[in-house]
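Trainee: I am new to this structure and would like to go through its charged pairs. Could we look at it together?
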Amino acid sequence: MLPEHLPSSDTPLLELLVVPGAAVREYDADPTVADAVSATDADAVLPVPPHENVAAQRLLHAVEQPVLRADRGMRPSTVATPDGELVVVAAPAPAPDTLPETPADLGPAETTPRRVVVVSNAFEMRVVPRNRETVLDGLAAYLAEIPDAWQPSPDDSAETPAVVHASTTVEAGHTTTQQLPAAAAGRQSGTGSRTADPPGSAAEVSVDILGVGQASNMGAAADTTSHDLLHTTLYASGHVTTTPLDPGNFGLHAVEQVGDARADTLRSHGVRTVTQLRDMSVDAVANTLDTGQATARTVTTSAEALTTGTIVRTSAASLPDDPVFIDVETDGLGASVAWLVGVLDGGSDSDAYYPFRQQTPGDPTAHLEGFATWLQGIPRSRPLVAWNGYGFDFDILTEQFREHCPDRLEEWESRRTFDPLYWARNSNNAVLPGRSNRLEAVAEAIGWEPQTSGVDGETAATIYTRWRDAATTADPGEDIPEPDWGRLEAYCEDDVRALATIYEAIGDAPVRTAGGEDDASTGRQGSLSDFS
Amino acid sequence: MSDDTIYPTDDTQPGSPPDTHTRSSRPSELLADGGQNTGADTDTTAVPASARQDVLSDDALQRSFPDYQGQIVESRRLPPEPADTVPADDVLRSELAAQMAYDLFTHQAEALRKLETGDNVVTTTSTSSGKTWIYALQAARNHLQDDQATALCLYPMKALSRDQEQELNTKLRDDWGLDLSVGVYDGDTPSDRKRRIRNDCNLLITNPAGLNAYLPRHARDGGWARFYKHLELVVVDEAHEYTGITGTHVAWILRRLRRVAAHYDSRPQFSMTTATIGNPAAHARRLTGLEFGVVEDDGSPRGRRDIVLWEPPVDWDQVADDDTDGQAAPDGDADQLSDFEDARRSTGSEAAKVTAHLGMNDTQTLQFCSARQGTEIAARQIVDAADSHSRSGRVDAEAYHAGLGKRTRRGVENQLKAGQVDAVASTNALELGIDIGSVGATVTSGYPGTRQSFWQQVGRAGRGESDALSVLVGSTDAMDAYILDNPEYLFSGSVENAVVSIDNANVYADHVLAAAADFPLTDDDASFLGGHDRLEGMVEMWQDAGVLESTSSLDSLGGVVYTGDPRPQSRISMYGTRDMEYVVVCRDGDIDHDPVAPERAHRDYHEGALFLHAGQQYEVVDIHRDARIPRIHVETADTGLYTQTLSQKSISNLQPRDHRSLDGGIDLYFGQGTVDVTYNEYVVRTVSTGELVEGPLPTGSPPLTLHTDLLWVSLPADHIDTTLDRLDEPLLEPTDRAGRDPLVPEGEKRYTYGGGIHAAEHGVIQLAPLELLIDNNDIGGLSMPEHPDEAIPGPVWFVHDGIDGGIGFTRSIFDNFETILRRTREHIAGCDCGQRRGCPMCIMSEDCGNQNDPLDRVTGQLIIDDVIAALDSEAGSSDDESTSEPTE
């Protein structure tokens, strides 16, 4: 399931919103989850443990979309793409009496689905540190139980749909292909080929596994206290992306200054949606919440930003002029390399996009030098702007310069940097409409549309790492296929353009300060006092 | 008996110096581990020696101590020791030596010399022997060599960090005139100050849990790179605190620290200090993975010190004893322990009387309370005891514990220093190096569990060459009883070994993940992270789990990158081995309670459980197991009741790692296995009589499975018969309760033998802490006449770590089994109780899941005798397969 190469750039086939039951307990099915369903355009919702059955009951009343149920005692439920190409079936106890005889039978009449995802909670991933292994408990028993035609077989034919086995007790987004002996029933399976027979042996089958929930017993790896909703997108190629969404960004909780207590208060006064809140006067909000005018104004402003997809500035502080936008791609969060530094010189429609990309695996320096040299031509007065730059990009680049180009470090550290996310959220200078702090979420909320699809930071890191490792371990003269760098660079370009779009939108946004007066003046000026 | 003896026995220290002494020209300054240097005599609160020495004389006690019954069972006088010093300029460079108003103690000089040669040093001299000077001077030397040099100081508690910040600032800046900055960096430090400290600070003070969180920020928050690049000294203070599970976490955090430092080309030296422990070099090596030189010859002076052991009277008449054999079945559901609670005068109130008596005699006293006794209650008891003292006058007493606000604590510390309070009742919070000046006496209410801790408490009295007096008031359990019977234990031999293990796989796995988040893992990390094979296996496990980049390997360029949920280190609990722990929340007030691992939560914090914390009783009213952070909701209570949790336990999947085959078909094993335990029921009893009020009630605790370390003693199948044939006493009659409990062996023979093997199991667990720095709350046991495991032919008793994955406790018991077993035998045989079913001072345990039934002291001795005889003629077969620590 891991992409050997970049996923095709076709449009997503199906959007699932995975809902941990605990999120429904802590928040509300309506409007929190309902709001998230509409924000993500989900085709179906899938409640997952813990407390998935209680959550399912509440979701049935809260959303119009199908509620897939993998909890015990339920009949299988399905959701399919309109053309019947992809079918997801939630099968609480996948067995001959609950599943159709063959996966082909799932499709609408006269259509054979190309791809079927069976969701159950029949097997669970956990780590066993004392044996230094990760196991999928119950997988063998599960495979033994499902009808023959659903079993993985050594010779896949194009005639039958490809079946992916998904579990609500495997971490969402995790994909793995298990090599198992054909007669695997009755024994536990280790994950990965390390614990199985050598690949290619006669009696071996491949089982595609997909995580669509939360695993427990994963040590420090998984945040079992997380209540994040998981937006899972299934592509025609079989590729899957999963984006966590904080439920606190939906429903009344999405509004700034509204937490559990204030959401409860508002609900008890009959205010259930952000739109209702937006339409209240500042005085009414202040009275209802028993709070001051300033807080009440932030609440209504935020509600307005959320419902209208606009940015509202809440202070007279201004953005620095003449920005240079940058975005880095790395090999992970605890990065060892910034292999691509994308730069957009000018506005969102500028032609001046420069991808400084590592050309040779093992040389982390040349492209950094290139970037630093290019930077020398940029006046020091121009700020370098990165989304969440103070939390990621600027730090990574500093570390990279320190490690690989120490003679460029001082020059780099003397550059002006600016992080619009920090400026808006941490310094309370603007209210953003996105349902999360992610760049794409904020940009899309104000109407920006990406030019690439199917790639995210994690995918890009995986593709890069795979290439690097293949190239550095290759025999001399061996031909290592290059990834589609053009698409990866285009993905990075998408990000800097999204950033520029947001930046411009902030500049154009109305200022609504504590005085309550709308100020039509735009927010850019020459003062540079607001950033470091 | 001379007039000036403080206790009613002869002065038994032949050749000890005369008890007059000249105050040393040595200032107390060099001793101030936690205090400011005033250069003045710190003995400001002391009273004239003659008055103090009279306080606990027989005459004085008979005359003025209410109802004195000869409670003093032992008293020792430790002679004074003069200071042993070295001129400062023998050791220090001249510009630093010139700042020293006084010579250095020999241990300080020795440590500094070792540090100068590049060695890591662990210093294990007594409390208040001036250990802070060692690392302060080393930091000063480093600074003079390179003004960019940095040092990292780790203290176990935040309160200590603040105290030491002041201390180090005074020394380094004010006294020695050095231009370097000291800063505390922890959860209480505001973020702008944190930024300044990262950017500028030379000496950064934090705690291990904080460091765990800050390590991955090395490349993120500006300033860390500078700090690590110039890191020359790492100080680990009070390292004896890091044992058990916390020790395991600290050991990995320190290895991660070394790895991050190496990333910046730094190889810092370690200067470690600990209270006196038996194995300083091994402990330091286990904690850091480095070799250490040991400094243990204390050059600091000491005044005369008197140690008094005080046994509260037991009224044996009050102990139910239906017949002379004491073997008849006790009544229905009465708690086997309860009679004893009544019969012995409460340790706490007895200690309060002693403290009050000292206070009345103008001796400022620090009373260390046991966990069960609240400091607030103790302070009140002291005041009350003074009111009913035969001399007129009053005593002011204050309470001190970590749960008090910072300002309150500081207030009490200052009152102590200024001599404004007669007595302070404290938890062990004041055991560590917080500066309280010098008190005249300490009273320890209940043996604190370890010699190390006891002497640490004793060391709080008398500073420098002033005299001091310390009293240990015994409580009602096996260890206290042993010590009062065998006082030599306190005074001779080495102190306990600190036990820390890096073998726990769960803890290791989590720190490997955290290390990957610090920066990507490569082969070079094997030396820091457990050796190549162990690291590679764990990396592959996490790759399969999808949280480490799966396409790369340790030898690939860029290494293995962490790809999981952000901040894995934040999900590591210093108190457990699993990712889940409970926080304790009080609904009607504040409670300062450490998070609770599930292993303890299921047993002691089920719904309806009553527990004591810092002297206050609480009831568990609600448990949110599925909350974002699992919570135990409690309310304050004052019920006169207590709860006792009953359990069902089974042990399976035994995998021996180490085996000693002994004579007579007896085998001693160490290994791993699965312990399934359900704390399924609890009963409620009255504190005063032990009478059953309610229950058994369901606890609601889910079953718990531990994969952990065990030792087991396997006996031949015919051992039941051969043992009972030798029994001179009648067989025990099963209790009513036993008849209803399917797990209790049926029939008088098996019941009696079961009581014997159960007694042996209890005895070993209860007395193990006499040898080892271990908390026997984290050890469990099980004994049975037969076991389903095929390799176990007959009766067996198990001892196991109560923490998933093991924490090295059972391993160290296995390694010291013979000593512990002999001690157990001696103690059980010698217990004054004379009860067949034993008493809390020998074989009864308040943690027993079977309500101490059956227990048979006599049969237990026969069983232990056989094992000791077998050990004596050991066949010598040993096949050690235990995990050995990787060499680094």
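Trainee: Which residues are linked with R660(B) in a network of salt bridges?
Mentor: This is a predicted model. In it, R660(B) belongs to a network of salt bridges with E818(B), R822(B) and D872(B).
Trainee: Turning to chain A, what does R382(A) form a salt bridge with?
Mentor: Its partner is D345(A), and the closest N and O atoms are 2.7 Å apart. R382(A) sits in the loop between α9 (366-376) and β18 (384-385) of chain A, whereas D345(A) is in strand β16 (residues 338-345), so the pair ties together parts that are 37 residues apart in sequence.
Trainee: Is R382(A) buried or exposed?
Mentor: R382(A) is buried, as its relative accessible area is 10%.
Trainee: Back to chain B. Where do K114(B) and E110(B) lie?
Mentor: Both are in helix α5 (residues 106-116) of chain B, four residues apart, which means that about one helical turn separates them. K114(B) is partly exposed at 22% relative accessible area, and E110(B) is partly exposed at 27%.
Trainee: And what is the partner of R304(B) in a salt bridge?
Mentor: R304(B) pairs with D467(B), with 4.0 Å between the closest N and O atoms. Each residue lies in a loop of chain B, and the pair ties together parts that are 163 residues apart in sequence. R304(B) is buried, with a relative accessible area of 3%, and D467(B) is buried, with 8%.

Definitions and conventions. Residues are numbered from 1 along each chain as its sequence is written. Chains are lettered from A and ligands numbered from 1 in the order in which they are written. This is a predicted model: local features need pLDDT of at least 70, side-chain atom pairs count only at pLDDT 80 or more; totals for chains, interfaces and linings use all residues. Side-chain values use heavy atoms; hydrogens and water are left out. A salt bridge is a side-chain nitrogen of Lys or Arg within 4 Å of a carboxyl oxygen of Asp or Glu. Helices (H or I, at least four residues) and strands (E, at least two) are DSSP runs, numbered from the N terminus. Buried means under 20% relative accessible area, exposed over 50%, partly exposed in between (1.4 Å probe, protein chains only).
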